[in-house]
Amino acid sequence: PSSGAEEDNILYANELQLLRLHADQAILLACNTGNGKWRRGEGVYSLARAFALAGVPSTLMSLWNLPDAVAPPMMQVYFEQLKSGKTKDKALQEAKLAYLGDIKHFNQTEPFYWAGMMAIGDTEPIYSGFHFGLVLTLALVILLLLLVWLARRYRKNGTHRAVLLFS
């Protein structure tokens, strides 16, 4: 809305696309979040497209009304798979397979129950195998151990030996 207009506390797709969001992925679990209006020459205008225009490179969305009991078990596996370093599309595939393989869902295996979730956009992993913080911590520990070893050697052998090590 324009300035001076009364705020309705609803975020519309045309307002959302003007934002600059800093997220790796938007997860839209509400029903039909992948649906939108078809515009000739433009394609489908949906919430997923608005998130993409706002700078979010990937969106997980539903294409139809999914039963409420479907999303939680699928999303738990999805997030576990993402955390293990899988790509977004592979994580979703694993989540769907886990849902189908769970005996609790034996009477809900038709595609209507699980196939409506779809990932679009950048499918690269969110979590990579490289953890900079862990590598930095290990490097600092090794440096500290090396300094302790050099200090002990310095005390044992005298200053002239330690100076030769650093020159």
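Two strands are taken to pair if DSSP finds at least two bridges between them. On that basis, this predicted model contains an open sheet of 3 strands, arranged in the order E1-E4-E5 with mixed pairing. Strand E1 (26-27) and strand E5 (117-121) form the edges, each pairing on one side only.

The contact between E1 and strand E4 (residues 58-62) is parallel and consists of 2 bridges. Within this pairing, Ala 26 has Thr 59 of E4 as its bridge partner.

Strand E2 (residues 36-39) and strand E3 (residues 43-46) run antiparallel and are joined by 4 bridges. Arg 39 stands opposite Gly 43, a residue of E3. Between the two strands of the hairpin there are 3 residues, and Gly 41 adopts a positive phi near 80°.

The remaining feature concerns the surface. Leu 136, Leu 140, Leu 143, Leu 146, Leu 147 and Trp 149 together make a nonpolar surface patch of about 590 Å². One of these residues, Leu 143, belongs to helix H6 (residues 132-157). Is Leu 143 buried, exposed or partly exposed? The relative accessibility of Leu 143 is 45%, and therefore Leu 143 counts as partly exposed, since that class lies between the limits of under 20% for buried and over 50% for exposed.

How values were computed
Residues numbered from 1 in each chain as written. Predicted model: local features only at pLDDT ≥ 70, side-chain atom pairs only at ≥ 80, totals over all residues. Heavy atoms only, no water. Patch = residues over 30% accessible without salt bridge, like charges linked within 9 Å, V, L, I, M, F, W, Y side chains within 5 Å. Areas by Shrake-Rupley, 256 points an atom, 1.4 Å probe, with all protein chains shown as cover. Salt bridge = Lys/Arg side-chain N within 4 Å of Asp/Glu carboxyl O. Buried < 20%, exposed > 50% of the residue type's maximum accessible area, 1.4 Å probe, protein only.
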